[in-house]
Amino acid sequence: VIMASPGMMQSGLSRDLFESWCTDHRNGVIIAGYVVEGTLAKQILSEPTEITTMTGQKLPLRMSVDYISFSAHTDYDQTSEFIRMLKPPYIVLVHGEQNEMARLKAAIIREYEDDEISLYRWNEILNRVDFPFLQDVSMEVYNPRNTQAVELYFRGEKMAKVMGSLAVKKPTE
């Protein structure tokens with residue numbers, strides 16, 4: 001069993017392995033989650049008899065192709081609950097359509113703007129205008145475009161927060 005990304009199989013290790021193994025009926029692939037129209041992963045779900053490789057070669061598709069819904073996505077309420085419990089200094093929103101991620105970012109800002117955890121790095125939003133009254137921002141929300149670097153700065157102290165069933169029992173040491 002090999003788990004390889006990217007899941008849409010347009011390039012990378014998943015595509016390389018698929019092209020190497022798709023002609024053998026003893027092999028199989030499981031598409032585990034959402035796939036976009038126009039991708040190899042979407043194409044093979046319709047059970048074609050052959051596929052076109054990255055180099056343009058036609059190969060017979062003899063391996064089994066299955067689909068399972070295996071998504072780690074959450075809805076807004078679950079995401080917000082997680083943020084409220086964790087109170088992280090940074091939130092980096094990734095893996096989504098740009099407009100939807102911008103809406104999520106705005107919703108998070110609205111929800112937490114009155115909390116003791118002020119949100120956002122307003123200087124970056126408003127053309128880097130200096131707002132001295134926002135210097136003590138304790139949580140920042142980022143929504144970078146693909147391949148855009150995000151620099152996060154952390155204090156030297158280390159702390160771990162425990163949530164869920166691990167938090168039920170008090171530590172013995």
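Helices here are DSSP runs of H or I with at least four residues, strands are E runs of at least two, and both are numbered from the N terminus.

What you have above is a predicted model, in which local features need pLDDT of at least 70 and side-chain atom pairs count only at pLDDT 80 or more, while totals for chains, interfaces and linings use all residues. Residues are numbered from 1 along each chain as its sequence is written, and side-chain values use heavy atoms, leaving out hydrogens and water.

**Confidence**

The predictor's confidence in each residue, pLDDT, goes from 0 to 100. The protein averages 78, and 79% of its residues score at least 70.

| Element | Residues | Mean pLDDT |
|---|---|---|
| Helix α5 (lowest) | 122-125 | 41 |
| Strand β3 (highest) | 58-60 | 97 |

Please read residues 116-137 with this in mind: pLDDT stays under 50 there, and the model has 35 contacts for them beyond four places in sequence. A contact means heavy atoms within 4.5 Å.

Of the 173 residues in the protein, 25% are buried; buried means under 20% relative accessible area, exposed over 50%, and partly exposed in between (1.4 Å probe, protein chains only). Helix α3 (residues 76-86) has T79, S80 and I83 buried. Seen down the axis of α3, its buried residues fall within an arc of 95°, so they line one face of the helix; the arc is that of the directions from the helix axis to the C-beta atoms. These buried residues pack against β5 and α4 (98-112). Just after α3, K87 adopts a positive phi of about 50°.

V92 lies in strand β5 (residues 90-92) and counts as partly exposed because its relative accessibility is 35%. Together with V94, L152 and F154, V92 forms a nonpolar surface patch with about 360 Å² of accessible area. Accessible areas come from the Shrake-Rupley method with a 1.4 Å probe, and for residues only the protein chains shown count as cover.

In strand β4 (residues 64-68) we find D66, which at 42% relative accessibility counts as partly exposed. D66 touches V29, I30, I31 and L45, not counting residues up to four places away in sequence. The C-alpha atoms of D66 and E47 are separated by 9.7 Å, with the two residues 19 apart along the chain.

Notes:
Patch = residues over 30% accessible without salt bridge, like charges linked within 9 Å, V, L, I, M, F, W, Y side chains within 5 Å. Salt bridge = Lys/Arg side-chain N within 4 Å of Asp/Glu carboxyl O.
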